[in-house]
Amino acid sequence: MVFVKAARDALLRPLQVVSGIVERRQTLPILANVLVRKDGEKVAFTATDLEIQIQTNADVGAGKDAIATTVAARKLVDILRALPEADVTLALANKKLTLQSGKSRFALQTLSADEFPTVAIADFSADFTLPAATLKYLLSMVHFAMAAQDIRYYLNGMLLVVDGNVVRAVATDGHRLAWCEVDNDGATGANQAAGGKVEVIIPRKTILELTRLLPDSDQPVRVQMGANQAKFTFGGIELISKLVEGKFPDYVRVIPAGNSKHFNISRELLRSALERAAILTTDKFKGVRLVLAAGSIKITSTNADQEDAQEELEIDYAGEGLDIGFNVGYLLDVLANLKSESVAFSLGDALGSALITMPDSERFKYVVMPMRI
């Protein structure tokens, strides 16, 4: 029975939206599948890895019947990508899904839709709306500082804070911390009524998936946060994610307040100089030295082969000198993400953290610990 008939791209688009969370290796075979649920013309596509669930819809149904099945997500996407642009039909018979386009035909095994694990919706204590571009900007400004596979599991994600009319995102891997906030004019729910604060830790995989899916537009994104779940709804997409349990570090205490050495520098000039100096660092040791003096800053690097690099940049600075080392990757990460023409540095001593901000803006802060060189 044919239950889907559409142009190739009309079917491929919703499948690409949901299939991003499907892992190559699965503990349960059905987690490699996408749930396809048809009701008249409306077809819902759902994928999950038990931590995240993504659902979207498309008007690609054929006939008035209600049909549901599951089929291998990546195989279906790969087949559609490889086909030329043409009409595609999906038919279901004898526990097999048959995809046909022109003279091409593929028969795929299916598993029962009744076995597909869907996420139960929790109660939400925070409910607000942000433009998609604003939320994408917020996430992109801090996501690079998240830990990847830290034993401190609460670092493998991003802290999202709703505090009155402000939404704040914070990420740290224990060596550096990124902090950014935006105005929130669409908050409702318990947190807004009580004037309280809601804090949740969203898993790393969810953040990366959101940055992939969010459009650069003013399209509204509804964000709902509860005790163990967050939900993001935008553009016909519904993403539900479990939250990371645990206590996020006190990020306010991490931000240095007493640094006395301040200067602004061209972001692009500094980035280029650091990239050149990084060529002579090694994978095991990514350290560079910053030597601050009146009117200039020197960037030096060395390696085990006794090779060295030196870059010197002029800056408007008349204070005391300083010799301090940093992981060059941590500096390049923030310079690549910022879009301002210049960046502001605030330094203390050789053992203290550096604070990097955007001139004339208090809405972004980046703290990086020094390293011994």
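**Strand pairs, burial and contacts in a predicted chain**

Visitor: Which residue in S23 stands opposite serine 346?

Guide: Serine 346 faces leucine 355 in S23. This is a predicted model, in which local features need pLDDT of at least 70, side-chain atom pairs count only at pLDDT 80 or more, and totals for chains, interfaces and linings use all residues. Residues are numbered from 1 along each chain as its sequence is written, and side-chain values use heavy atoms, with hydrogens and water left out.

Visitor: What makes S22 and S23 a pair?

Guide: Two strands (DSSP runs of E, at least two residues, numbered from the N terminus) pair if DSSP finds at least two bridges between them. S22 and S23 are joined by 3 bridges, so they pair, and they run antiparallel. A hairpin of 6 residues connects S22 to S23.

Visitor: How many bridges do the other neighbours have?

Guide: S17 and S22 share 6 bridges and run antiparallel; serine 266 has serine 342 in S22 as its bridge partner. Strand S23 (residues 354-357) is joined to strand S24 (residues 364-368) over 4 bridges, again in the antiparallel sense. In that pair, threonine 357 is opposite lysine 365 in S24.

Visitor: What is the order of the strands in the open sheet?

Guide: The 8 strands are arranged as S13-S10-S11-S12-S24-S23-S22-S17, with antiparallel pairing.

Visitor: Why are S13 and S17 called edges?

Guide: Strand S13 (197-203) and strand S17 (261-266) each have a single partner strand, so one side of each has no neighbour in the sheet. From one strand to the next, the twist averages 20°.

Visitor: What makes strand S22 mostly covered?

Guide: Of the 6 residues in strand S22 (residues 342-347), 5 are buried. Buried means under 20% relative accessible area, exposed over 50%, and partly exposed in between, with a 1.4 Å probe and protein chains only. In the whole protein chain of 373 residues, 51% are buried.

Visitor: Why is asparagine 259 called buried?

Guide: The relative accessibility of asparagine 259 is 13%, so this residue falls under the limit and counts as buried. Asparagine 259 sits in the loop between helix H6 (251-254) and S17.

Visitor: What does the side chain of asparagine 259 meet?

Guide: A polar atom of the asparagine 259 side chain lies 2.9 Å from the backbone oxygen of serine 346. A polar contact is a pair of N or O atoms within 3.5 Å; within protein, one must be able to donate a hydrogen and the other to accept it, and residues adjacent in sequence count only if both atoms are side-chain atoms. The 2.9 Å separation is therefore inside that limit. Neighbours within four places in sequence aside, the contacts (heavy atoms within 4.5 Å) of asparagine 259 include Ser346, Leu347 and Leu355.

Visitor: What is the corresponding distance for aspartate 150?

Guide: The side chain of aspartate 150 is 2.7 Å from the backbone nitrogen of arginine 152. Aspartate 150 belongs to the loop between H3 and S10. Not counting residues up to four places away in sequence, aspartate 150 touches Leu155, Asn156 and Asp173.

Visitor: Why does valine 88 count as buried?

Guide: Valine 88 has 1% relative accessibility, so the residue is buried. Valine 88 is part of strand S6 (residues 87-93). Its C-alpha is 4.7 Å from that of serine 101, which is 13 residues away in sequence. Beyond four places in sequence, valine 88 touches residues including Val4, Leu11, Leu80 and Leu99.

Visitor: How do you know that H7 and H8 cross, and at what angle?

Guide: The axes of helix H7 (residues 267-278) and helix H8 (residues 328-337) come within 10 Å and cross at roughly 150°. Axes are lines fitted to C-alpha atoms, for helices over the stretch in contact, and angles run from 0 to 180 degrees between N-to-C directions.

Visitor: Which residues make up the contact of H7 with H8?

Guide: From H7 they are Arg267, Leu270, Arg271, Leu274, Glu275 and Ala278, and from H8 Val328, Leu331, Leu332, Leu335 and Ala336. These residues divide into 8 nonpolar, no polar and 3 charged. In this scheme Ala, Val, Leu, Ile, Met, Phe, Trp, Tyr, Cys and Pro count as nonpolar, Asp, Glu, Lys and Arg as charged, and the others, Gly among them, as polar.
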